[in-house]
Amino acid sequence: MTFVTASLAFAGAAAVAVPVFIHLLLRRRRAPVEWAAMRFLIEAYRRHRRRLRLEEWLLLLVRCLIPLLLGFALARPILEQAIAPTTERPRCVYFIVDDGLASGLRDAAHRSALARQLELAEMVVEHLNAADRVGVITAARPARMVRTPTGDHESIGELFESLRPRAGRTDLGGAFERLKHELSRREVGDENVVVYLLSEFRAGSVDPVDPLPVLPVPDAGGVAARFFASPPASGRVRNVQVVGIEPARNVLLVGAAEEAPRATVRLVRPGADAGSETTRVRLTGDQSPIDEEQIVQWEPGEIETQLGFAFDVGAPAERELVITAEIGEDPLVADNRYHLVLPVRKRIEVVLLDRREFGFEPTLDRLSAGQWIRRALAPDAGGPVTMRNVEPVSLTVGDVQGVDAVIVPRPDLLSDRGWAVLRRFVDRGGLLLITPPQDESVHGWVDHLQADLALPWTVAREVRDEAPGLPVSDDVPPSELLRQISGDLPELVQPVRVQRFLPVATAADRTLAVRTSLRLSDGSPLILTGSPGAAKTGEGRETPRSSLGLVILFTAAPELGWTNLPTKPLMVPLFQELLRQGLSLRRGGKPAEVGDAAIGGALAMHPAAAGLVSPDGATIDVQPGGRLARAVSQAGVHRVLGSTGREIGRLAVNVDPAGGDPTPQAAGAVKAWLDRSAPWAWLDESDPLGAGTASGDGSSLASLLLVFLLAVIVLETIMARLFSRASLRLGRADARGIRPSMDERSPLISSEGGS
Amino acid sequence: MLSDQDAFRKDYLAPQTLAQLGRLDLRAKMIVEGIMSGTQRSPYRGGAVEFAAHRQYVPGDDTRRLDWRVYGRTDKLYIREHQQETNLDVVLLVDASSSMDYGTLTVSGRSTANESGVGGLRWTKYDHATAIAAALAYLALHQHDRVGVAVFADGVHLLLDRSGTPEHWRQVIAALSGRPTGAETDFARAAEQVLSRIRNRALFVIVSDCFDRADAIGRALAQFRHRGHDVILLNTLDREEMRFTLPAPARFVGLEGEGQLRVDPRALRQAYLAALGKHLDTVARSAMSVGFDYHRLDTHESVGPPLAHVLARRSALIKRGVRG
C-alpha cells in the first residue's frame with residue numbers, strides 16, 4: 001500500500017504519540033488521595049489487576065488507532081494492485097477552462113480569476129505521467145476545443161500561459177457539448193478519463209436555469225471517468241457595468257435645425273448589498289467634438305442608474321458616428337465600455353407611392369392623402385426629408401434602393417410584384433407607412449397585408465362611416481413611436497375627428513410584434529405598428545422569416561373626406577415623428593454582442609456586408625443572411641467590408657453584461673446544477689493532484705478507512721465508559737454502598753456491597 | 001415529618017454542629033443533652049434494687065422516682081438512686097491509629113478538628129470516636145459509674161484508670177483530646193495490654209474503624225469474653241469509605257503505610273465494597289458470636305441516635321438482668 005499524500009500518513013503515525021503522552025501525563029499529574037481503607041482497595045486491586053491492565057492497554061491501543069487511521073485516510077491510500085492498472089492505463093485529462101467575461105475579475109494583486117484557475121491546471125499537468133494526454137476546452141462563448149488531447153505537456157503549459165480572459169459570456173453548456181462530442185467518439189477501454197472544470201462559478205458564468213448536457217460516463221471495460229470542479233468563489237467583488245447607450249433617436253439628422261442630440265447611458269452594478277461609491281462616466285464620439293463627463297454617486301443598495309447626456313455632434317464626415325460610454329477602472333475592465341454606431345443622415349430619403357398628379361395644384365379640399373403627407377413631411381425643398389414620387393403600379397426593387405422609408409397612400413394600385421418588393425424592403429429594415437386609398441369603398445388590397453407582409457391584423461374591406469366623426473381618444477397608449485410628442489398628444493388630438501376608417505382586429509398572438517399607437521374614442525385603432533411575421537410560402541407552409549423593418553398602418557386616409565386631421569396642428573408633428581421615430585425603431589442597426597454568430601439584425605444597415613474586421617485586425621467572413629463564419633469574439637468597433645473589400649460601415653460589438661455579474665453562487669446550487677450532467681466532485685485546491693492522479697481505488701480505500709475510523713471512535717467511547725464503569729449509573733441502593741447499622745441483628749452489609 | 005425534638009437532635013447532634021465546639025467536654029454535654037431532650041427519659045435511671053443515694057433532679061428524669069418526702073421537707077426535687085446503677089465500670093477504648101485520621105465531611109468554623117486543607121475543617125473518624133466516648137463518659141459519671149479511658153493503636157498509648165469522681169471528668173476529656181498516633185492498628189495487642197490492667201468485670205466500649213485483620217479482632221474480642229467482660233463495639237467509618245464514589249482516576253495513598261496505588265475507583269468500586277463488606281461482616285459476626293453488641297456508625301450522621309440506641313440497648317439488657 002502507498003499513499004497519495006504520504007506526509008499526512010506520517011503525521012498520523014506521529015500523532016499516535018499524543019494519546020500515549022496524555023496517558024503518561026495524566027498518570028503523573030494525578031493528585032494523591034489519602035485513603036484509610038487502603039488494605040481493602042489493595043485487595044480489590046490484586047483480584048482484578050490483570051483485567052484492569054488489559055482494559056487500560058486496550059483503551060490506549062484504540063485511542064492510538066484514532067489519529068493513525070485519520071492520517072491514513074486523509075493520505076488517500078492506494079493498494080498496490082490498484083496502482084498497477086492505473087499506471088498501465090494512461091489518462092486522458094480534459095480541462096474545461098472558464099475564460100469568459102467573469103474570469104477577468106481581478107483580485108487585489110491584479111491577478112485574474114482565470115490566472116488563478118490556470119495555476120491549478122498547471123500543477124495537475126506537471127504531475128501527470130508522460131503517457132497521459134491533455135486536452136483543453138475554453139468555455140467563453142463560443143466554446144472551443146483549443147487543444148485536442150495531446151501528450152505534449154509542454155505545449156499545454158504554453159497554451160495555459162497564452163490564455164487570457166475573453167469578452168464573451170461563459171457558455172458551460174457549449175463547452176460541455178464539445179466535451180460530450182469528444183467523449184462520445186472515444187473508444188471504450190482506451191484511457192481513463194479525468195475532467196477538470198476550472199471556474200469561479202460566479203453569476204456571470206453559470207445559468208442554473210439552463211440545463212447542462214448530460215456527459216457520457218464511460219465505465220465499461222475498466223475505464224474510469226471522473227469529474228472535478230474547482231470550488232465556487234465566495235468573495236464578493238464590486239463591478240460597475242456600462243450596459244447601454246440609448247439615443248433619443250437612432251438616426252442622427254445633421255445640418256438641419258435640430259436640437260442637440262440626447263442619449264441615456266445605463267449603468268448597473270450587480271449585488272444588492274453594494275455600498276455607496278462614485279463612478280465617473282465619460283461619453284465620447286469618434287469623429288465629433290463629443291466629450292462629456294458626469295459623475296454617478298451610488299447609494300447603498302442601488303444597482304441600476306442612468307445618466308442623460310446632451311451632446312454636439314458637429315458635422316461628421318462619415319455616414320456613421322461611433323459613440324462610446326466609458327467608466328473608470330474597476331475589477332472587471334471588459335464591461336467598462338459600451339459602443340454604439342449611430343447612422344448619420346443629412347437627409348431622409350422617402351418614396352411616396354402615389355399617382356402622379358398633373359396640372360395645377362388643387363384647392364385644399366381636393367388635396368389627396370399623398371399630397372397632404374408630402375406637405376407635412378417636406379413642405380419645401382430645403383428640408384431634411386427628400387420625397388420622391390413613384391408610380392405604385394410600376395414599383396421595382398430599384399425604386400426603393402437606398403431609401404429610408406416608403407409611404408403608400410395608394411396601396412390599391414400596387415401589383416403583386418410591388419407588394420413583394422415592399423416586403424423585401426421591410427425585411428431589410430425599411431420603414432413602410434400605409435394609408436387607405438381615399439376613393440375606394442371596398443378595399444381588396446388589405447388581403448396583401450396578411451398574404452405578403454404577414455401582418456397579424458385583420459383589416460375590414462369595407463369602410464365604416466361615423467358621421468359626424470369620432471374623436472381620437474386622448475387616452476394615448478404608451479408608444480415608443482410617439483414618445484417624443486407624448487406630452488403634447490392629448491391636447492393635439494382633441495380637435496381631430498375621423499368620419500371614415502377601416503376597422504381592424506388584431507391577432508391575439510402576443511408573440512407577434514404589434515402595437516396600437518393611437519385609438520379612436522370607441523377603441524378602434526387609428527395607427528398600428530408591427531413587424532412582418534411568418535409569410536406563407538408557395539406550398540402553403542409557413543416559413544418563419546425575420547423582418548428588420550417596421551410597418552405603420554393608418555386606418556383612416558389623411559384626407560378631408562375621411563378625417564379633418566390634415567388641417568389640424570397634429571398633422572405635421574405626427575407624420576414627422578412617424579417617419580423619424582419609425583426609422584429609429586427598426587430592428588436593424590443595434591449593436592451585436594460578443595459570441596454572436598448570427599448578426600443579420602446588427603448588419604441590417606449593411607445588406608451588402610461580406611466581412612467584418614475586428615479591432616485587432618482579424619477578419620470574419622459574413623455569409624448571406626448575416627451569418628458569420630465564426631462568432632464574434634472581441635468587443636469594440638468592427639469595420640464592415642463590402643464584397644469588394646471596401647469598408648462600407650461600422651458595427652459596434654459589446655459584451656453581454658450578464659456575463660460579467662460577479663455575484664458569488666452557493667456551492668450547493670452549483671453542484672446540483674453540475675450534477676445533472678455528470679457526477680462532479682469539488683477539487684481540493686490544497687491538493688489538486690489528489691483527486692486527479694489517484695485512482696478510484698484510493699478514494700474508496702480512504703472511505704473505508706474513514707468508516708473504520710468512525711467505528712473505532714464509537715468503540716473507544718463505549719470502552720471508555722464501560723471500563724470506567726461510568727456508564728453504570730449508581731442507583732439509590734448502589735450509591736449507599738455499605739450501610740451503617742444501629743442494630744446488630746439487621747443486615748450488616750447491603751446487597752451491593754456483599755461478596 | 002420531623003418533630004421539634006427530632007429537629008433539635010438532628011441539628012445539635014450533627015457532626016457539623018459538634019465540630020463547631022472546640023472543647024470536647026462541651027461536645028459531650030451537648031450530645032447528652034440532645035439525647036435527653038430527644039428521649040424525654042433520663043439516661044441515668046436505674047433498676048431500683050437497693051437505695052444508694054439521692055441526686056438532684058434533672059429534666060428528663062423519670063418523675064416516678066422523685067422523692068416526694070424530701071421535696072416536702074426541702075422544697076427541692078431529688079431522685080432516688082439505687083446501688084445497681086452505680087456499680088458499673090465503663091472502659092472506653094478509642095482507636096487512635098492513622099486510619100482514624102480520615103474524614104471527608106468538611107465543615108466551616110473553628111474547632112480542634114483537622115484542617116481539611118481546602119479552607120474548611122475535616123470531621124474525622126477520630127473526632128467522631130472521641131465525641132462519642134466523651135459523651136458516654138459524661139453519662140457514666142453522672143450515673144456514678146466509674147469510667148476508664150484507653151487510647152490505642154498498635155498498642156495502648158494512653159490508659160486512664162477508672163474513677164467515678166466528678167473531677168475525673170477533666171482527666172477523661174484530657175485523655176480524649178489528643179490526636180491519632182500515626183501508628184497502625186494492632187487490635188490484639190491493645191486488648192492484651194488493657195486486659196492485663198483491668199481485672200474486675202467491666203463494660204468495654206470500643207470505638208474503632210476495625211481496620212485490622214478480622215481474625216485478630218475476633219481473637220481479641222474472645223479474650224474480652226473469656227475474662228467475663230461485656231463489650232459494645234462501635235465500628236466507626238467514614239461515609240466515603242462505605243460508598244467509594246470518587247469519580248475519577250486517582251493515586252491512593254494508604255494512611256497506615258500500605259503504599260500507593262493508581263486506580264480508577266469506578267472500575268474497582270464493586271470489588272472494594274465487596275472486600276470491605278466481607279471484612280466488616282466478619283468482624284460483626286465475631287462480636288455477635290460471643291454475645292457482644294456491634295454497631296456501625298457513619299461519621300456523616302448524627303452521633304445522638306446511635307448513642308441513644310446503644311444506651312437503650314444497654315438499659316434493656318440490664319433490666320433483663322443479662323448484665324450486671
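Author: Two strands pair if DSSP finds at least two bridges between them. Keep that in mind as we go, and remember that this is a predicted model.

Reader: Thanks, that helps. Which way do β30(A) and β34(A) run, and how many bridges join them?

Author: Here is the general idea. Strands of a sheet pair through backbone hydrogen bonds, and the pairing may be parallel or antiparallel. In this case, β30 (residues 592–593) of chain A runs parallel to β34(A), and 2 bridges join them. To find the place on screen, look for A:Glu593, which stands opposite A:Asn654 in β34(A).

Reader: What about β33(A) and β34(A): parallel or antiparallel?

Author: Antiparallel, with 6 bridges between β33 (residues 636–641) of chain A and β34(A). A:Val637 stands opposite A:Ala652 there. The two strands form a hairpin with 5 residues between them, and A:Gly645 in that hairpin has a positive phi near 90 degrees.

Reader: How many residues of β34(A) are buried?

Author: A residue counts as buried if 20 or more other C-beta atoms lie within 10 Å of its own. In β34 (residues 647–654) of chain A, 6 of the 8 residues are buried, so the strand is largely enclosed by the rest of the structure.

Reader: Let's move on to whole sheets. In what order do the strands of the 6-stranded open sheet of chain A lie?

Author: The order is β6-β5-β4-β7-β8-β35 in chain A, with mixed pairing. At the edges are β6 (144–150) and β35 (680–682) of chain A, each of which pairs on one side only. From one strand to the next the twist averages 20 degrees.

Reader: How many bridges join β4(A) to β7(A)?

Author: There are 7, and β4 (residues 91–97) and β7 (residues 192–198) of chain A run parallel. One pair to pick out is A:Ile96 with its bridge partner A:Leu197 in β7(A). A helix packs on this sheet as well: α7 (residues 172–184) of chain A touches β4, β5, β6 and β7 of chain A, and its direction makes about 150 degrees with that of β5(A).

Reader: Which strands are at the edges of the 5-stranded open sheet of chain A?

Author: The order there is β10-β16-β15-β12-β13 in chain A, again with mixed pairing. The edge strands are β10 (252–253) and β13 (291–298) of chain A. β10(A) runs parallel to β16 (residues 337–345) of chain A, with 2 bridges, and A:Leu253 has A:Arg345 as its bridge partner in β16(A).

Reader: Which peptide bond is cis at A:Pro142?

Author: Check omega. The bond from A:Arg141 to A:Pro142 is cis, with omega near -5 degrees, and A:Pro142 is found in the loop between β5 and β6 of chain A. Another cis bond joins A:Ala467 and A:Pro468, with omega about 0 degrees. A:Pro468 belongs to strand β22 (residues 464–471) of chain A.

Reader: Last topic, the two chains. How many residues does each of chain A and chain B bring to the contact?

Author: Chain A brings 37 residues and chain B brings 48. On the chain A side, the elements that give two or more residues are β2 (32–35), α3 (38–74), α15 (696–724) and α16 (732–736). α3(A) gives the most, with 11 residues. By type, the chain A side divides into 20 nonpolar, 7 polar and 10 charged residues.

Reader: How do β2(A) and β11(B) run, parallel or antiparallel?

Author: Parallel: 4 bridges join β2(A) to β11 (residues 250–254) of chain B.

Key
Residues are numbered from 1 along each chain as its sequence is written. Chains are lettered from A and ligands numbered from 1 in the order in which they are written. This is a predicted model: local features need pLDDT of at least 70, side-chain atom pairs count only at pLDDT 80 or more; totals for chains, interfaces and linings use all residues. Axes are lines fitted to C-alpha atoms, for helices over the stretch in contact, and angles run from 0 to 180 degrees between N-to-C directions. Two residues are in contact if their C-beta atoms, placed from the backbone, lie within 7 Å. A residue is buried if 20 or more other C-beta atoms lie within 10 Å of its own, exposed if 12 or fewer, and partly exposed in between; C-beta atoms are placed from the backbone. Ala, Val, Leu, Ile, Met, Phe, Trp, Tyr, Cys and Pro count as nonpolar, Asp, Glu, Lys and Arg as charged, and the others, Gly among them, as polar.
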